[in-house]
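Reader: I am new to looking at protein models. Could you walk me through this one?

Author: Gladly; let us take it one feature at a time.

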Amino acid sequence: MNASLISFVLRRVLTVLPVLVGATVFTFVVMRLLPADPAAFLASGPGMGAADIAALRAKLGLDRSLPVQFGLYAWQLLHGDFGHSFVTGNPVALDLLQRLPASLELACGGLLIAAVIGMPLGIAAALRPGSLFDTACRALAVLGGALPGFVIGVFLIYLCYFKLSWAPEPTGQIDAALSAPRIVTGFLVIDSLLAGNMTAFASALGRMVLPSLTMALFALAPVMRMTRAAMVTALASDYIRSSRALGLPNRLVLRYALENAGAPLITMFGLIFSYMLGANVVVEKVFAWPGIGAYALDGLQAADYSAVQGFILVVAAVFAAVNLLVDLLCGWADPRIPRAA
Amino acid sequence: MQRRDVLLGSAAGAASAFLPRLQTRAEAASLDTLRELAEAGPNSRDPHGAGVASPSLGTFTNIYDRLINFGHTEIAPGIFKYDYTKFTGELAESFEVLDDGKRLRFHLRQSATFHDGSPVTAADVKWSFDRGVSLPGSKYQLATGSLTDPAQFVVVDPATFEIHLPRGDRYTLPNLALTFASILNSKLIQSHATASDPWGADWLRDNEAGGGAYRITNWQAGQRVTYTRFDDWKSGPAPALRQISFEVVPTAESRVAALEKGDADIALQLPPQDIAHIAADPHVHVVSIPVTNTFRFIAFDTQTAPFTDARVRQAIAYALPFEDILQAAVYGHGTPLFGAKSAQPKNAAFPQPYPYNTEIARARSLLAAAGHGRGFSTTLSYNVADNDTAEPIAILVQQALAPLNINVQIEKISAADWATRLTAKTVPFFIESSSAWFNDPDYFFRIFFQGNWRWNFGSFNNPDLAKLLTAARWETDPAKYDALMEKAVGIVFQQLPILPLWQPTFEAGFKPGLTNFIYYIHGQVDYRPLRWA
């Protein structure tokens with residue numbers, strides 16, 4: 001790694017800080033603008049009255065002024081304390097640490113499948129724009145994007161698990177009867193491989209397939225359309241015309257075109273990945289996947305301030321990291337792109 | 001290697017792992033394990049905690065002992081229901097009711113230990129009750145059985161414990177069988193208590209400290225809990241199941257699929273629209289038990305116009321298509337609380353069917369008499385989390401009231417906000433369901449028809465009813481008690497602060513062969529008696 005790259009990364013990390021501070025303030029304020037009172041929610045026990053609600057408010061620190069509450073929250077955050085979730089009963093930091101890898105794993109799986117299916121289709125469509133194949137691809141993409149994740153998920157479960165027994169039971173990341181591998185990356189598929197536990201690996205990979213496929217169908221349309229657009233642009237460029245005129249073999253021409261379409265495709269994958277991470281709540285619910293989306297939704301329903309704030313903060317950090325990665329990859333794929341902070 | 005090759009290679013790997021059929025639970029089943037799927041999981045191990053989710057009640061049942069347990073009666077082969085007029089010893093080998101019920105004496109099992117091996121003593125029992133009557137999550141419930149003050153709990157000797165009461169109370173024993181009366185390991189909790197948290201509530205929420213039949217050997221909040229049998233358990237016959245995996249599967253379709261494939265042994269919270277289809281499956285045994293302590297209702301805020309006038313509330317009741325609502329909302333899976341023939345209560349039981357049927361002419365004349373012959377506009381609210389059941393009800397109510405010129409706006413309130421709104425009494429007309437721990441009518445009435453709290457859903461305030469309830473509270477003659485409560489039921493029939501619709505049915509899917517299930521008030525699974533036939 002050279003010095004300019006390190007300074008680039010450092011500068012980018014510094015620019016992320018204001019984003020995180022902004023996200024912290026924003027979610028803190030928005031959660032408190034909601035009319036729900038966590039103390040009233042918690043005081044659900046038989047006979048708990050106004051005095052107990054007041055006591056709970058005091059215990060949660062909700063009786064203090066908003067600036068004081070925010071100061072305390074920020075102070076805790078600086079010490080790595082994200083607060084306590086009363087939905088799970090756990091520290092929010094622990095919950096997020098356990099659940100973020102599960103969500104990332106699922107988003108990666110979905111993106112991978114979408115790329116493997118969508119990119120070749122997009123390239124093929126770009127080679128014959130306006131053909132029947134092109135139209136069929138477009139129709140497929142529209143269909144995939146139009147069906148809600150819930151419907152696709154339940155349908156896949158019915159078909160692949162219930163009727164055909166191809167897929168394992170759609171409940172969670174790994175068969176509960178197996179002992180989970182030691183956590184290294186948090187991606188169970190990778191951790192089980194690292195541990196050399198092939199039974200766990202097969203179970204974890206098997207359970208990834210249906211939820212990843214559901215996520216992939218949702219990402220397929222943008223992957224296919226963007227690949228097609230990037231390839232059409234690249235194929236229409238002067239250097240491709242020149243290469244063709246020079247009689248270079250088709251394979252080579254296609255490779256040059258692909259390399260030039262690389263930067264916009266990487267940018268697109270970054271966007272889709274970020275989107276999938278935030279929007280996979282439904283898939284997580286259907287497949288009982290222990291991810292952060294389902295966690296945030298449960299927190300929101302229970303006025304669990306700390307859980308929702310922690311979720312937004314973590315997602316903001318992941319978005320920033322993905323953006324940075326996209327910039328670095330774009331620079332690698334297309335050396336003409338300057339590194340601007 | 002090209003970037004694309006990497007992608008293609010891993011995709012092929014994924015496909016090959018996908019194809020071989022994995023061993024299912026059905027093939028791996030053994031006779032001492034159980035796998036249970038539920039919609040949500042427990043969030044606490046503290047039986048006196050605030051904000052405890054209902055699945056936690058199952059956790060408390062299995063990891064802690066009570067002094068006594070409810071008796072039970074068989075309602076179908078291998079299926080039992082708790083009987084809260086009968087009690088059996090649990091941690092207490094035996095107990096005596098002395099001095100007209102003013103003194104309860106419990107003889108503890110001398111050999112009983114907590115999970116950490118320390119003996120269970122009367123001092124632990126006393127400390128557990130002291131804690132229960134001090135923490136807000138449990139003290140109000142225990143107070144319904146006259147358990148209010150630590151001075152009432154007396155250690156006679158290490159194996160004998162007494163509860164002293166100001167007067168004999170028929171609600172004391174039932175309260176002792178609830179999870180609020182769980183016996184905790186006092187030394188263990190005290191070692192984690194702090195000056196600001198003298199009862200160790202922060203610690204116990206995340207840890208267990210008991211001596212019940214099961215220990216928690218894995219706890220992943222919101223995902224799964226593994227229970228392992230505590231082999232030194234002395235408070236009952238040794239449980240047949242060695243290990244239970246409780247897993248959270250939020251979507252009903254996924255739970256049902258796993259159950260029908262034989263991968264799950266118990267699935268809770270079955271969707272009403274699928275019950276008939278699931279029950280027809282020979283691989284599943286559906287258990288349906290009418291829930292007698294829970295009811296679904298429409299509430300009117302009797303302190304807010306136009307619902308201040310009983311005639312308006314009655315008019316609405318006469319306009320509703322009850323049978324259609326029951327079918328649309330829960331596919332008929334409930335015990336109707338409407339359509340009684342006589343305006344006189346049948347008996348003293350509550351809830352019982354109200355004397356309302358669809359009679360539009362009567363509704364019109366009542367509205368006219370109340371001065372609302374031209375109708376009015378109002379808002380009907382419900383909790384979004386309750387959408388599956390409440391939405392069909394709301395739509396049918398809206399349609400049914402339109403001919404009376406009652407213009408109903410439907411308002412969905414977020415789950416988080418719902419408690420706030422009900423506590424602040426800012427919803428005049430709403431759909432809700434609620435439960436009481438016990439079935440006695442006076443107990444129900446004290447929760448739902450009086451007091452300035454959320455559970456008085458109709459904000460009802462009736463001096464005659466208050467007198468009847470005060471008299472019934474300590475009435476020991478059953479005939480006199482029934483006479484008082486029949487009058488009380490007559491008042492709510494006529495005054496209608498809330499309009500009950502039906503009582504739900506507890507529905508669970510079992511793998512055939514699982515037997516000795518005991519249904520309790522909380523609708524969670526007690527693993528201790530369960531076994532495979």
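Reader: Which domains does the domain assignment of chain A give?

Author: Before the answer, keep in mind that this is a predicted model. For chain A, the assignment lists domain 1 (20-78) and domain 2 (98-333). Their C-alpha centres lie 36 Å apart. Between them, 10 residues of domain 1 of chain A are in contact with 10 residues of domain 2 of chain A. On the domain 1 side, helix 1 (3-33) and helix 2 of chain A each give two or more residues, and helix 1 has the largest share, six residues. By class, that side divides into seven nonpolar, two polar and one charged.

Reader: How many residues of chain A are in contact with chain B?

Author: There are 57, and they meet 48 residues of chain B. Several helices of chain A supply at least two residues each to this side, among them helix 5 (92-127), helix 7 (149-163) and helix 9. Sorted by class, the side of chain A that touches chain B has 38 nonpolar, 13 polar and six charged residues.

Reader: How many helices and strands are in chain B?

Author: Chain B has 18 helices and 21 strands. Its radius of gyration is 26 Å, close to the 24 Å that the globule rule gives for 533 residues, so chain B is as compact as a globular protein of that length. The C-alpha trace of chain B spans about 80 × 70 × 50 Å along its principal axes. Of its residues, 49% count as buried.

Reader: Why is helix 4 of chain B said to be largely enclosed by the rest of the structure?

Author: Look at how many of its residues are buried. In helix 4 (residues 122-132) of chain B, that holds for nine of the 11 residues, so the helix is largely enclosed. Among the buried ones are Trp127(B), Phe129(B) and Arg131(B). The cover over them includes strand 5 (103-108), helix 5 (136-143) and helix 7 (186-190) of chain B.

Reader: Which residues touch the most other members of the largest nonpolar core?

Author: First, the general idea: in soluble globular proteins, nonpolar side chains tend to be buried together. Here the largest nonpolar core has 250 residues, and Ala219(A), Leu220(A) and Ala267(B) touch the most other members. Helix 9 (residues 198-235) of chain A gives this core its largest share, 23 residues. Leaving aside residues up to four places away in sequence, Ala267(B) touches residues including Leu37(B), Val256(B), Leu259(B) and Ala508(B).

How values were computed:
Residues numbered from 1 in each chain as written. Chains lettered and ligands numbered in written order. Core = buried A, V, L, I, M, F, W, Y, C linked by C-beta atoms within 7 Å. Buried ≥ 20, exposed ≤ 12 C-beta atoms within 10 Å, placed from the backbone. Helix = DSSP H or I, 4+ residues; strand = E, 2+ residues; numbered from the N terminus. Contact = placed C-beta atoms within 7 Å. Nonpolar A, V, L, I, M, F, W, Y, C, P; charged D, E, K, R; others polar. Rg over C-alpha atoms; globule rule 2.2 N^0.38 Å. Domains from an automatic or database assignment.
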